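Let's take a walk through this model together. Have the sequence and the 3D view side by side as we go.

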Amino acid sequence: MSDASSYSPPRVWTFKSANGGRFANINRPVAGPTHDKQLPQGRHPLQLYSLGTPNGVKVTVMLEELLAAGHAGAEYDAWLIRIDEGDQFGSGFVDINPNSKIPALLDRSGTQPIRVFESGAILLYLAEKFGAFVPTDAAARAECLSWLFWQMGSAPYLGGGFGHFYAYAPQKIEYAIDRYTMEVKRQLDVLDRRLAQSRHIAGEDYTIADMAIWPWYGQLVLGSLYGAAEFLQVQEYRHVMRWAKELEARVPVQRGRRVNRTFGDAALQLPERHDASDFDKFVTPQA
Ligand SMILES: N[C@@H](CCC(=O)N[C@@H](CS)C(=O)NCC(=O)O)C(=O)O
């Protein structure tokens with residue numbers, strides 16, 4: 001690999017798998033399955049295939065919120081997809097997500113199974129299925145969906161941009177870190193100004209917009225993502241901090257963030273979840 005300051009792109013790009021990056025073993029320039037592997041299935045109508053990264057946590061928080069709100073039909077099996085071992089390229093997983101990324105959901109409650117991929121689509125699908133956490137009034141719904149799609153468009157700058165170059169890239173490239181730090185601080189300011197006006201992201205009520213945004217930006221300001229709280233001076237975003245702490249104290253959020261988690265504090269990990277009692281087999285975290 002050439003030095004960051006001396007690289008000059010060739011006329012035609014070629015794939016060099018050993019680029020030294022943290023995810024070099026799974027990154028590749030083509031789609032589709034690499035091997036035959038069927039997905040496991042449990043007893044509940046909803047089958048989730050995921051990992052406890054922020055995109056996965058969005059969905060497990062939603063499912064735990066639905067269950068806590070009394071929607072028994074939201075019972076689910078959460079199966080672990082180890083992306084660092086290439087599970088997302090197994091044929092069964094690619095059948096339900098042709099994009100080979102967690103999270104993916106299979107709803108078997110109807111006559112035909114329904115697959116849903118992309119975390120934002122899964123949140124909206126579940127919100128509509130259960131009539132919960134998305135407003136029905138046109139103006140409130142538009143605000144909620146605007147913030148949901150804001151998250152889907154913005155978080156890649158935080159994860160794939162800032163997080164990648166600040167925490168994972170084999171070389172610390174000042175240009176890349178500056179570019180994405182500036183954008184992430186701008187995004188935090190967007191959220192801070194919004195949360196200065198309202199208790200939750202889309203207004204007074206807690207919605208799927210909060211559930212989409214908290215696992216990324218909430219965990220970032222709480223110091224749980226990339227170890228970047230000091231670097232980003234997150235205390236400046238005091239309305240985001242207030243909201244992040246308020247959501248962190250919710251039991252369904254604490255549960256959701258543990259599901260499919262395989263890293264960090266062992267007491268917070270629940271690699272697979274097949275029953276609510278699974279949480280009791282492990283130490284309950286303190287908020
Ligand atoms: N836009 C997608 C992004 C999903 C995504 O990037 N998932 C990552 C983990 S956070 C993944 O599965 N990466 C595996 C890979 O890139 O091979 C969503 O929100 O569902």
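Start at V240: apart from neighbours within four places in sequence, V240 contacts L188, L191, D192, L195, Y217 and V221, a contact being two C-beta atoms, placed from the backbone, within 7 Å. Before going on, note that this is a predicted model, where local features need pLDDT of at least 70 and side-chain atom pairs count only at pLDDT 80 or more, while totals for chains, interfaces and linings use all residues. Residues are numbered from 1 along each chain as its sequence is written.

V240 and Y217 are also among the residues with the most contacts inside the largest nonpolar core, which has 64 residues. Such a core is a set of buried Ala, Val, Leu, Ile, Met, Phe, Trp, Tyr and Cys residues joined through C-beta atoms within 7 Å. Buried means 20 or more other C-beta atoms within 10 Å of a residue's own; 12 or fewer is exposed, in between is partly exposed, with C-beta atoms placed from the backbone. Helix α6 (residues 208-221) gives this core its largest share, ten residues. Domain 1 (46-133 + 259-281) and domain 2 (138-252) both contribute residues, so the core lies between them; the bounds come from an automatic or database domain assignment.

Now look at α5 (residues 174-197). Its buried residues include L188, L191 and L195, and the cover over the buried ones includes α4 (138-168), α6, α7 (229-232) and α8 (238-248). Helices here are DSSP runs (H or I, at least four residues), as are strands (E, at least two), numbered from the N terminus.
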